[in-house]
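Subject: Structure handover

Hello,

Here is the structure I promised to pass on to you. Have a look at it first, and my notes follow below.

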Amino acid sequence: MFKNTFQSGFLSILYSLGSKPLQIWDKEVVDGHVKRLQDEDIQSNVLEIIGSNIQQAYITCPADPNATLGIKLPFLVMIVKNVKKYFTFEIQVLDDKNVRRRFRASNYQVYGVYDMNRVLLFLAVTRVKPYICTMPLKLDEGWNQIQLNLSDLTRRAYGTNYVETLRVQVHANCRLRRIYFSDRLYSEEELPPEFKLYLPMQVKYTWDLL
């Protein structure tokens, strides 16, 4: 989709205030919904994805299953609200070995156990398999900013170089404000006004291999 587009700075693939926020996305919903509504915290329209089974309620980009995004910008940023339910998303990338790799982040991979003193500990497990890397995701309450350095993740997980992002898929359960790619991480002061949430972020969550 964007392979022949000049890519620099920011490239947004979802914005909840757009006239057609899912114009380049497809959706699949069984026993749930994908709809735009007003979020009470930011008093603005957001996209909500809710489903009883997270695998059966999601949005995916590009809409055409045979197409690819072709985005070479290495940083992915998602502004997402924690709705206190299971949530997962997946990014498919191409590396310099011409292999498609998937990175899947899920909050249900963060689980609690008790230590010998009966203190509750939270453990996060990252698993790297040949074609998929599953990663833990811990969200704070309210709105979160998830930042992924896809170039670094590809190198550290597979020892290869990131070439481009092919597909983004976001599953239930969450609320979305924006999903965009950038050439580097920008501070809040550097962001264009339309990329800001105008709400104190609970956390800027930068995922790292554990």
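**The cavity and its lining**

Two strands, β13 (142–149) and β15 (174–182), each give at least two residues to the lining of the largest cavity. Before going further, please note that this is a predicted model, in which local features need pLDDT of at least 70 and side-chain atom pairs count only at pLDDT 80 or more, while totals for chains, interfaces and linings use all residues. Residues are numbered from 1 along each chain as its sequence is written, and side-chain values use heavy atoms, with hydrogens and water left out.

The structure has 1 cavity of 30 Å³ or more. A cavity here is a set of points on a 1 Å grid over the protein atoms alone where a 1.4 Å probe fits but cannot get out, and lining residues have an atom within 4 Å of a point. The largest cavity holds about 50 Å³ of space, the volume being the space filled by probe spheres set on the points. Its lining consists of V77, Q145, Q147, Y180, S182, R184, L185, Y186 and L191. By type, these lining residues are 5 nonpolar, 3 polar and 1 charged (Ala, Val, Leu, Ile, Met, Phe, Trp, Tyr, Cys and Pro count as nonpolar, Asp, Glu, Lys and Arg as charged, and the others, Gly among them, as polar).

**The overall fold**

The protein chain contains 1 helix and 16 strands, taken from DSSP runs (H or I, at least four residues, for helices; E, at least two, for strands). Of its 210 residues, 50% are buried, meaning under 20% relative accessible area with a 1.4 Å probe, protein chains only.

An open sheet of 7 strands runs in the order β2-β5-β14-β7-β8-β12-β11, with mixed pairing; strands pair if DSSP finds at least two bridges between them. Its edge strands, β2 (26–29) and β11 (127–128), each pair on one side only.

**A look at β5**

Strand β5 (residues 57–61) runs antiparallel to β2, joined to it by 4 bridges. Across this pair, K27 stands opposite I59 and E28 stands opposite Y58. β5 also pairs with β14 in the antiparallel sense over 4 bridges, where T60 faces Q169.

How many of the residues of β5 are buried? The count is 5 of 5. A57, I59 and C61 point one way, while Y58 and T60 point the other way. In a regular strand, side chains alternate between the two faces of the sheet.

Enjoy exploring it!

Note on methods:
1 Å grid on protein atoms, 1.4 Å probe; cavity = no way out; pocket = protein on both sides within 12 Å on 5 of 7 lines; lining within 4 Å.
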